[in-house]
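Please examine the sequence and the structure shown below before reading further.

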Amino acid sequence: MEITHTFAGNPFDRSDAQRRDPAWLDAALRDPSSRFLPLSHLNVLVHDADELRLGWLSRADVARLDVAASPVFLGVLDGVAHFAIDVSELGDALHELNLDEAWRFDDARAAAMRLETSETGILAQSRAQVGWHRSHRCCSACGAPTTPARGGHVRICGACKTEHFPRTDPVAIMLILDGDRCLLGQSQGRLASTGMYSALAGFIDQGESIEEAVRREIREEAGVIVGAVRYHSSQPWPFPSSLMIGCHGRALTAKISIDTAEMADVRWFGRDAVRSALRNANPELRVPGPIAIAHHLIKAWADGDVDV
Ligand SMILES: [Zn+2]
């Protein structure tokens, strides 16, 4: 069964043909029915009344703002064009937009816990794209300024004309199994300070397959040798622009040797301990919640739904 994780499920038609048509984009930007999602320092505008929703604004709202950033075309839904817009340069965007207290700029992780899945997908696209524009203002080939084109799906260097495209960084995240135990760890830093254990993860290297990355990361961080690897599901993770590629793997060795530069602790946990942790009923073990693909990798194994 395919899982639609948080930050996936984006309903937009990304409309590649239209975004290559400057006249269509220009008309969409001026269309009164078009919708705009502001982000300020990568926090997203939300409307929090009975339920939390993304804070879409009209063209008339956005036209009053004095921002230099070009709106980024996200896609079309039910014939309506949708854009994200970076309003970080405004001192107090909420005040300038004259919005009441039901509106605020929210951290993407916090918002994603309460938004519908389809809206978390839109949030992931918006945050990753706006973040990419903020951090790619200059050409990585010659250093000259770049300008956005095709609705923000490319930046072109004004000097050497190199085209730069939005990037997605693949991360392998894997739950390694040994009989009726699974391998969980605490990375140095954030996880260690929360006391939480999770599936191990790492960026996929250049010139490396997913399976090779799984085996290398586990060998490096835990000293465990992995044999069979099976893909489970994937999750966009817009912090800033990763794709988490979730796998299960079968251990060939059990002895753990921790890389203390990366990991604070790595241990084998039995299935009963993990099941109670998934129910928040294990005082000895905390695992990530359903917002994270790690939760679903762990739950699939705990439920007996993994064959690797
Ligand atoms: Zn250049």
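A residue counts as buried when its relative accessible area is under 20%, and as exposed when that area is over 50%. In this model, which is predicted, 49% of the 308 residues of the chain count as buried. The chain contains ten helices and 16 strands. Its C-alpha atoms fill a box of roughly 60 × 50 × 35 Å along the principal axes.

The interior may be considered next. In soluble globular proteins, nonpolar side chains tend to be buried together. The largest nonpolar core of this chain has 48 residues, and the members that touch the most others are Leu175, Leu184 and Val274. Helix α10, which covers residues 293-302, gives the largest share of this core, namely seven residues. Which residues does Leu175 touch, apart from those up to four places away in sequence? Among them are Leu184, Ala199 and Cys247, together with Leu297, Ile298 and Trp301.

Attention now turns to a charged residue. Asp169 lies in strand β11, which comprises residues 169-178. Is Asp169 buried or exposed? Asp169 counts as buried because its relative accessibility is 18%, and the limit for this class is under 20%. The side chain of Asp169 makes a polar contact, at 2.8 Å, with the side chain of Arg167. When neighbours within four places in sequence are left aside, Asp169 is in contact with Phe203, Ser241, Ser242 and Leu243.

The final subject is empty space. Rolling a probe the size of a water molecule over the atoms shows where such space is left. The second largest pocket has a volume of about 700 Å³. This pocket is lined by 32 residues, of which Ala68, Ala69, Ser70, Pro71 and Val72 are the closest to its centre. Several elements give two or more residues to the lining: the helices α2 (22-30), α3 (59-63) and α6 (117-135), and the strands β6 (80-86) and β8 (146-149). The largest share, four residues, comes from β6. What classes of residue make up the lining? There are 18 nonpolar, five polar and nine charged residues in the lining of this pocket.

Note on methods:
Residues numbered from 1 in each chain as written. Predicted model: local features only at pLDDT ≥ 70, side-chain atom pairs only at ≥ 80, totals over all residues. Heavy atoms only, no water. 1 Å grid on protein atoms, 1.4 Å probe; cavity = no way out; pocket = protein on both sides within 12 Å on 5 of 7 lines; lining within 4 Å. Points joined across faces, edges and corners; volume = space filled by probe spheres on them. Nonpolar A, V, L, I, M, F, W, Y, C, P; charged D, E, K, R; others polar. Buried < 20%, exposed > 50% of the residue type's maximum accessible area, 1.4 Å probe, protein only. Polar contact = N/O pair within 3.5 Å; in protein donor to acceptor, adjacent residues only side chain to side chain. Contact = heavy atoms within 4.5 Å. Core = buried A, V, L, I, M, F, W, Y, C linked by side-chain atoms within 4.5 Å.
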